[in-house]
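Please read this note alongside the structure. The points are numbered and can be taken one at a time.

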Amino acid sequence: MDNSSYRSQYIQSGNENFSEQSVSVYDAFWKRLEKAERSIGKSLEDGYTTEEYAILIGKMNVSNLNAFATYKSRVNRYIKWLNERGLIAQPYLDNLKNVTYDMIPSNHVYDTRYFKDFSSLQQSISDTIWVAERIDDRIFSTQITAIYLAWCGFSAEEAVAMKKAEVLDDCIEFQGRRYFPNKTIMDYIKEYRDSTSYESQGRGVITLKYVYSDFLLRTCRADRVDTKTLRILIRNFGKSGGEEINLFAYDKVYWSGIFNRAYTYELENGEIQSGDIETIERVFHQTYPSVSVANKKLRDYHKFREYFFPDTKG
């Protein structure tokens, strides 16, 4: 079935209300949907079973509950529109309603969205540095330090606000709390804290000096970086290794560290229970407005645990 005319009519019908700012996101959704349909070998207009809907949504790289709810809702509105015009039977609309987040086979995206543990993160950093072949590995010191801070559970806002003086000899003392990174991280951040320059290759080898600063994260051009610049620096670090995917992203590293420590917590203390908002907030290092929101994050963690540690009894 040629679905292009139906979808054009649907989009032009005004059924979907979105701002100008979200047009690109909306277009990206349809492109992602069509790519997922091609991999399955049939279009939505042909009618999907519940299982096929679950596979379709999974192929759209859905790996958290909020994204699942958004994508399912958009697909549902379109199928309902088709049904109201007699273009698709009611059972196919009912099949979609039966799809739950737990049915989504999203495992295929986990290697690109998370790091299993610190060893896998460290290996990815080493591989990127090796492929980049720079004259001085310290050219990436700001990026790698930020990646380590993300793994330790510091938000991007906290990382850019951190002062050199808060990096002590054996821990980081930040906002009244002490953090004890592993030795690899601690040694690296201390060396970066005390560094004043690194070498770069231009027409010849040149020495670039960091701008003097009380802040830990700084560059040869600025005494501190903002969160937007920080995310760009980390993304470009990944690209320097020639990767086609975005190997490094601040939030990816941040949640990998949080979830890995949650797994360690459960090994030592037993499974984190749904509804135990106090424990969820403490382990995930966040404050949630309600138990239901906390439970959503817990379910995201369960997906992480089931993929990377399948032998764990949940």
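1. Where does Gln-175 lie? Gln-175 sits in the loop between β1 (172-174) and β2 (177-179); strands are DSSP E runs of at least two residues and helices H or I runs of at least four, numbered from the N terminus. Although Gln-175 is not a glycine, its phi is positive, about 50°. Its relative accessibility is 60%, so Gln-175 counts as exposed (over 50% relative accessible area is exposed, under 20% buried and in between partly exposed, with a 1.4 Å probe and protein chains only).

2. On the source: this is a predicted model, in which local features need pLDDT of at least 70 and side-chain atom pairs count only at pLDDT 80 or more, while totals for chains, interfaces and linings use all residues. Residues are numbered from 1 along each chain as its sequence is written, and side-chain values use heavy atoms, with hydrogens and water left out.

3. Helix α13 (residues 277-284) packs against helix α14 (residues 291-308) at an angle of about 55°, and the axes are 10 Å apart. Axes are lines fitted to C-alpha atoms, for helices over the stretch in contact, with angles from 0 to 180 degrees between N-to-C directions. α13 and α14 are therefore oblique to each other (under 35 degrees is roughly parallel, over 145 roughly antiparallel, 65 to 115 roughly perpendicular, the rest oblique).

4. The contact (heavy atoms within 4.5 Å) is made by Ile-277, Ile-280 and Phe-284 of α13 with Val-291, Ala-294, Asn-295, Lys-297, Leu-298 and Tyr-301 of α14.

5. The loop between α13 and α14 contains His-285. Phi of His-285 is positive, near 60°, in a residue other than glycine. His-285 has a relative accessible area of 29% and is partly exposed.

6. The whole structure holds 34 aromatic pairs; rings of Phe, Tyr and Trp (its six-membered ring) pair if their centres lie within 6.5 Å, with planes under 30 degrees apart stacked, over 60 edge-to-face and the rest tilted. Phe-29 and Trp-30 have ring centres 5.3 Å apart and planes at 70°, so this pair is edge-to-face. Both Phe-29 and Trp-30 are buried.

7. Phe-68 and Tyr-101 form a tilted pair, with 5.8 Å between centres and 50° between planes. This pair links distant parts of the chain, 33 residues apart: Phe-68 is in helix α4 (residues 65-84) and Tyr-101 in the loop between α5 (90-97) and α6 (110-113). Phe-68 and Tyr-101 are both buried.

8. One aromatic cluster includes Phe-284 and Tyr-301, which also take part in the contact of α13 with α14.
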